[in-house]
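The following report describes how two protein chains meet and how one of them is built.

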2 protein chains.
Amino acid sequence: MQQRKITLSESEIPDQWYNIVADMPNRPLPPLHPGTREPIGPDALAPLFPEELIKQEVSTERWIDIPDEVRNIYSLWRPTPMYRAYGLEKALDTPARIYYKYEGVSPSGSHKPNTAVAQAYYNKAAGVKRITTETGAGQWGSALSFACQHFGLECEVYMVRLSYEHKPYRKVMMNTWGATVYPSPSDRTEAGRKVLAKDPDTTGSLGIAISEAVERAATDPDTKYALGSVLNHVLLHQTIIGQEALLQMEKAGELPDVVIAPFGGGSNFAGIAFPFLRLSLTQGKQIRCVASEPASCPKLTRGQFRYDFGDTVGMTPLLPMYTLGHNFVPAPIHAGGLRYHGAGVIVSQLLKDGLIEARAHDNLEVFEAGIAFARAEGIIPAPEAAHGIATAIREAERCKEAGEDKVILINLCGHGNFDMKAYQDYFAGKIESHELTTAEIESSLAELDTPLA
Amino acid sequence: MQQRKITLSESEIPDQWYNIVADMPNRPLPPLHPGTREPIGPDALAPLFPEELIKQEVSTERWIDIPDEVRNIYSLWRPTPMYRAYGLEKALDTPARIYYKYEGVSPSGSHKPNTAVAQAYYNKAAGVKRITTETGAGQWGSALSFACQHFGLECEVYMVRLSYEHKPYRKVMMNTWGATVYPSPSDRTEAGRKVLAKDPDTTGSLGIAISEAVERAATDPDTKYALGSVLNHVLLHQTIIGQEALLQMEKAGELPDVVIAPFGGGSNFAGIAFPFLRLSLTQGKQIRCVASEPASCPKLTRGQFRYDFGDTVGMTPLLPMYTLGHNFVPAPIHAGGLRYHGAGVIVSQLLKDGLIEARAHDNLEVFEAGIAFARAEGIIPAPEAAHGIATAIREAERCKEAGEDKVILINLCGHGNFDMKAYQDYFAGKIESHELTTAEIESSLAELDTPLA
């Protein structure tokens with residue numbers, strides 16, 4: 001029998017996260033104050049995050065210890081399995097060897113609890129009572145609800161209205177773990193009311209939902225805020241994925257030639273890629289790291305590297321990142337997550353420096369990839385995860401043409417059990433190709449008056 | 001760090017199924033011909049099942065080899081993890097040590113693929129082109145769709161209309177794996193048309209859907225039929241669960257005092273319980289095995305042990321089993337699977353002989369148990385699975401009162417990702433208590449003119 005699954009024991013859960021900032025040739029530029037546009041220090045983040053997370057946000061230490069309490073909850077689903085994709089290889093008739101790391105075994109079904117649990121832990125330790133957050137497809141809101149439940153914290157989720165309406169069951173899942181969920185924009189915040197006044201029928205965006213959750217935290221001393229991607233400490237927590245994957249690849253006697261992950265704000269990409277990128281940066285290995293994004297929200301492949309706000313209303317610091325402009329709202333036709341207008345600063349700097357790559361995929365290519373994967377491997381991937389599969393299929397087909405037996409590693413960041421509406425739409429021919437025009441991108445960027453990075 | 005998860009490596013996937021018939025003090029009575037009511041032999045099953053499965057159906061061998069091709073597909077999700085439920089123990093403040101075996105990691109999210117893959121394999125090997133089946137909550141239909149896809153078989157699913165309407169996403173899941181799904185009763189079969197003529201607004205039942213799928217197989221030489229529970233070979237395939245669980249309990253240095261599983265037709269109960277029951281039957285161990293059923297479909301606790309049909313129309317052989325009568329249709333108010341009117345013959349004989357026990361739980365108790373489990377352990381269980389949790393909670397509370405540190409093992413047969421509508425209804429106060437009256441049960445049984453077993 002061929003060995004398909006590469007597993008680790010509970011005692012092999014890594015005890016440190018990897019902070020790539022320590023090894024970057026060019027460290028990210030500093031954030032700027034939204035008003036003065038002067039560089040700001042960690043203090044500016046104090047209303048939103050507990051001290052330990054702010055320390056991690058600005059840390060340049062290479063290794064950061066994972067608290068036992070966090071590893072203990074990780075053990076509910078970690079270590080996650082890695083699979084050799086024999087079925088997909090056969091279906092593609094490729095000489096490439098394809099592996100995938102499967103994060104869908106977590107209780108909420110994605111990689112998001114890796115950071116949710118850590119953030120809930122540090123907030124609890126700092127005496128915080130309530131955490132607010134935003135969620136798009138619902139993966140992040142579910143993960144944080146689950147994590148808050150474990151530490152006895154209240155959880156308040158602002159869910160992009162489009163998803164709130166299309167994915168009612170994600171909301172029930174959050175309720176089951178004790179969270180309260182509001183469609184965003186809501187009338188509970190200044191930010192929400194402002195947007196609703198302008199456009200009462202808006203389908204919302206992650207940027208707007210972030211503004212709402214941030215405002216709640218900034219105006220209530222018992223409440224802090226949590227972000228599911230983009231920020232340095234979030235990317236840091238996700239490196240548990242790549243740390244495990246390194247051990248698993250070792251057990252398989254392989255080293256990947258290319259590591260591929262879907263890209264929204266950067267956390268699942270960073271999670272699997274950074275520990276491998278470390279080998280390229282510090283040991284001269286040649287491992288390509290490729291981020292997969294939707295053609296309908298293509299900040300890495302078609303955005304601009306400049307300072308921009310993390311939210312829509314402009315409450316957050318200005319961050320140096322690849323962006324489509326903070327007012328960008330992806331067309332509602334785009335199914336699946338990965339709808340955020342910008343990219344995390346670390347990933348942006350790495351892309352700027354040519355140390356990582358990016359690919360964009362059309363809606364239809366993504367669903368074709370997801371279904372091919374489901375039929376070959378069993379697991380039905382979330383549309384987000386299917387973006388990475390689409391990139392891997394392109395690579396495997398290139399290997400076939402070139403006769404190369406490269407090793408491909410995919411981060412399969414979540415299952416599609418809550419995305420059946422999207423698959424249903426695809427089967428009904430309701431999912432259409434969608435690529436932004438250059439004019440649309442230019443117009444969104446033209447609204448910005450922020451400095452180039 | 002406490003060890004929470006007990007894992008096995010891929011090479012530890014058992015290579016034999018356990019056939020409890022070899023060790024039963026009283027073997028099941030023979031099936032009877034539906035017309036002549038005389039005992040029938042294996043030949044009678046030939047129109048419906050391939051020869052190898054019929055051999056397994058009547059086998060008295062203790063161990064049956066698992067083909068490599070089946071183990072190879074099992075390795076997509078097996079061995080499944082076992083967990084110590086530290087969170088639940090703490091929430092219940094019980095001295096009992098609670099373990100659960102988690103079958104929700106399979107691609108379709110339940111234990112059902114354990115037999116679906118085996119059945120698809122033997123059908124493929126026999127040159128069959130198409131398999132028909134019925135499905136209630138959708139777990140079984142999904143599992144068979146997944147399995148047929150792997151072996152290149154067509155799959156035709158008759159889905160109980162109530163579930164078809166309440167769970168459209170289960171249908172999409174089956175479509176994603178290439179199956180065709182019809183709401184039952186349908187106008188594609190004599191059986192379906194007959195029921196529709198009598199009651200055009202029926203919400204359907206498993207019994208009716210079985211009649212339809214059986215009719216299709218009986219009338220088309222390229223088509224065979226597959227059943228997801230009840231039959232001996234189905235229970236046999238599920239013993240992979242208990243075989244793994246035995247190894248895992250050994251690794252944990254424990255032996256359960258009580259093994260608990262939800263009960264629909266018997267396959268997930270048999271799957272985990274029989275390998276432990278073997279130790280009681282052959283080695284004098286004292287391991288209680290308890291089946292958990294809904295109070296709204298209580299064949300084990302309130303049904304009658306007699307010959308009855310497996311389907312509604314009366315096409316199947318008469319089987320000696322605990323039954324509520326083959327015309328029994330559970331109230332639509334009952335959420336979750338476990339809606340079948342009868343119990344498998346092996347389990348029925350074991351219950352008759354006092355070798356296993358059964359408990360019935362009200363709807364509300366089941367959802368309370370499911371939510372308590374989700375909050376304590378993370379995983380949101382399928383309502384079916386929550387029945388087993390409800391029994392375990394009663395046991396753990398009894399242990400607390402008695403100050404006993406018993407070891408409880410639960411078969412957590414599936415996740416609730418496709419059951420959020422039921423949880424939503426629960427939160428909205430729409431799930432009501434529901435217990436059958438004695439008159440209702442007596443009236444359903446009074447319609448039978450079949451022999452007592």
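Two residues are in contact here when heavy atoms lie within 4.5 Å of each other. The model under discussion is predicted. By that cut-off, the contact takes 45 residues from chain A and 45 residues from chain B. Of the interface residues of chain A, 100% are also interface residues in chain B, so the copies meet through the same surface.

**The interface**

The size of an interface is often given as the accessible area lost when the parts come together. For chain A and chain B, the buried area is about 4,100 Å², and carbon and sulfur atoms give 57% of it. Several elements of chain A give two or more residues to the side that touches chain B: helix H2 (68–74), helix H5 (139–151), helix H7 (168–176), helix H14 (363–377) and helix H16 (420–427). The largest share of that side, six residues, comes from H7(A). Sorted by class, the side of chain A that touches chain B has 23 nonpolar, 13 polar and nine charged residues.

How many residue pairs are in polar contact between chain A and chain B? The count is 24, with both residues of each pair at pLDDT 80 or more. Salt bridges across the interface of chain A and chain B, by contrast, number zero.

A rotation of 180° with 0.0 Å of shift along its axis superposes chain A on chain B, with an RMSD of 0.0 Å. That is the relation of a two-fold axis.

Chain A contains an open sheet of seven strands, with mixed pairing and the order S1-S4-S5-S15-S10-S11-S14. Strand S1 (5–6) and strand S14 (357–361) of chain A stand at the edges; each has a single partner strand, so one side of each is left without a neighbour in the sheet. Elsewhere in the order, strand S10 (residues 258–262) and strand S15 (residues 407–412) of chain A run parallel and are joined by three bridges. Within this pairing, A:Val259 has A:Leu409 in S15(A) as its bridge partner.

Over all chains, the count of salt bridges comes to 50. One pair is A:Arg97 with A:Glu254, whose closest N and O atoms are 2.6 Å apart. This pair links distant parts of the chain, 157 residues apart: A:Arg97 is in strand S5 of chain A, while A:Glu254 is in the loop between helix H10 (232–251) and S10 of chain A.

**Backbone features**

Most residues other than glycine have a negative phi, and most peptide bonds are trans. A:Asp93, which is not a glycine, has a positive phi of about 50°. This residue is found in the loop between helix H3 (86–92) and strand S5 (97–102) of chain A. In chain B, cis peptide bonds occur at the places listed below.

| Cis peptide bond | Omega | Place of the proline |

Terms used:
Residues numbered from 1 in each chain as written. Chains lettered and ligands numbered in written order. Predicted model: local features only at pLDDT ≥ 70, side-chain atom pairs only at ≥ 80, totals over all residues. Heavy atoms only, no water. Buried area = accessible area lost by both parts, 1.4 Å probe. Salt bridge = Lys/Arg side-chain N within 4 Å of Asp/Glu carboxyl O. Polar contact = N/O pair within 3.5 Å; in protein donor to acceptor, adjacent residues only side chain to side chain. Helix = DSSP H or I, 4+ residues; strand = E, 2+ residues; numbered from the N terminus. Nonpolar A, V, L, I, M, F, W, Y, C, P; charged D, E, K, R; others polar. Least-squares fit on C-alpha atoms with pLDDT ≥ 70 in both. Pairing = 2+ DSSP bridges.
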